[in-house]
Amino acid sequence: MSNAIVLNERSSQQTGSQIRGLRNSGHIPATVYGKDIGSVSVMVEEKLFLATIKENPRAILMADIPQKGKKPVTIQHIQKDPISRKILHIDFHQLNMNVAMDTKVTIHFSGEPIGVYEGGVMQVELYEVEVRCMPDDLLSAFEVDITKVGIGDHLLVSDLEFHKGIEVLTDPTAVVIKVSAAIEAELEDESAEATPVVPEVDKPSA
């Protein structure tokens, strides 16, 4: 847990114009939630925050919280503008380092499937899996070697080998990646596009 971040105090009663001014000054409004601290309204410098989480958005951060001291936290939710994708608000969650946590781990695929060299098409079904572990056992990412996956083969969640102390919560039968013959992949895409969308209709009241 080497990443550190400073959270500055702000009023929880700020108006909309004050919040906009905060963002225009290069800061992001945020809230820290925790059993020990309740909820604390804070702000964080946008540039430093983005640099801190660039490599691992789910990293455990040591946050310096006004009047509460240094606490380990994770990012629970990031609200973004739907058009500009600019961060509007952040929710931090205080961690108890002695209690297991549920979170998600990103899958990094290593190598190129042999089936792709044979003319197949790789289809990624999962980019992350949900796990339960102690905070100190949390991985920044999980490396998966996919070089041996041939045409017609697939890799399941149950095929992933995590180190001791990590419990995988995602359905073990879920497909992570598969390599299909080119024609088969095209047919799957066409089938997905051709599936009609049936609008929901309210039932008439009695």
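This is a predicted model: local features need pLDDT of at least 70, side-chain atom pairs count only at pLDDT 80 or more; totals for chains, interfaces and linings use all residues.
Figure 1. Setting aside residues within four places of it in sequence, leucine 160 is in contact with Ile107, Val129, Phe142, Val144, Leu155 and Val176. Leu160 belongs to the largest nonpolar core, which comprises 22 residues; together with Val129 and Val144, Leu160 touches the most other members. At least two residues of this core come from each of the strands β8 (101-110), β10 (128-133), β11 (142-145) and β14 (175-180). Apart from this core lies another, of 20 residues, including Leu7, Leu61, Ala63 and Ile65. In soluble globular proteins, nonpolar side chains tend to be buried together.

**Figure 2. The two faces of strand β11 and its pairing with β8.** Phe142 and Val144 make up the covered face of β11, whereas Glu143 and Asp145 make up the uncovered one. Strands β8 and β11 run parallel and are joined by four bridges. Within this part of the model, serine 110 stands opposite aspartate 145 of β11.

**Figure 3. Stacked aromatic pair of phenylalanine 142 and phenylalanine 162.** The structure holds two aromatic pairs, and the one formed by phenylalanine 49 and phenylalanine 92 is the subject of Figure 6. Phenylalanine 142 lies in strand β11 and phenylalanine 162 in the loop between β12 (154-156) and β13 (167-168), so the pair ties together parts that are 20 residues apart in sequence. Both phenylalanine 142 and phenylalanine 162 are buried.

**Figure 4. The seven-stranded open sheet.** The strands follow the order β1-β5-β6-β7-β3-β4-β2, and their pairing is mixed. At the edges are β1 (4-6) and β2 (8-9), each of which pairs on one side only. Inside the sheet order, β3 (residues 27-34) and β7 (residues 87-94) pair in the parallel sense over four bridges. Alanine 30 stands opposite isoleucine 90 of β7.

**Figure 5. Helices α1 and α2 against the strands.** Helix α1 (residues 16-24) packs on the sheet and touches β3, β4 (38-45) and β7. The direction of α1 makes about 110 degrees with that of β3. Helix α2 (residues 46-53) lies across β1, β3, β4, β5 (61-65), β6 (69-80) and β7. Relative to β4, helix α2 runs at about 100 degrees.

**Figure 6. Edge-to-face aromatic pair of phenylalanine 49 and phenylalanine 92.** A pair of aromatic rings is described by the distance of the centres and the angle of the planes. For phenylalanine 49 and phenylalanine 92, these values are 6.2 Å centre to centre and 85 degrees between the planes. Phenylalanine 49 and phenylalanine 92 are buried.

**Figure 7. The whole protein chain, as context for the close-up views.** Four helices and 14 strands are present in the protein chain. Of its 206 residues, 35% count as buried. Among contacts with a separation of 6 or more, 64% involve residues 24 or more positions apart. The accessible surface of the protein chain comes to about 13100 Å², and 50% of that area belongs to carbon and sulfur atoms.

Methods: Residues are numbered from 1 along each chain as its sequence is written. Side-chain values use heavy atoms; hydrogens and water are left out. A nonpolar core is a set of buried Ala, Val, Leu, Ile, Met, Phe, Trp, Tyr and Cys residues joined through side-chain atoms within 4.5 Å. Buried means under 20% relative accessible area, exposed over 50%, partly exposed in between (1.4 Å probe, protein chains only). Contact means heavy atoms within 4.5 Å. Two strands pair if DSSP finds at least two bridges between them. Axes are lines fitted to C-alpha atoms, for helices over the stretch in contact, and angles run from 0 to 180 degrees between N-to-C directions. Rings of Phe, Tyr and Trp (its six-membered ring) pair if their centres lie within 6.5 Å; planes under 30 degrees apart count as stacked, over 60 as edge-to-face and the rest as tilted. Accessible areas come from the Shrake-Rupley method with a 1.4 Å probe; for residues, only the protein chains shown count as cover.
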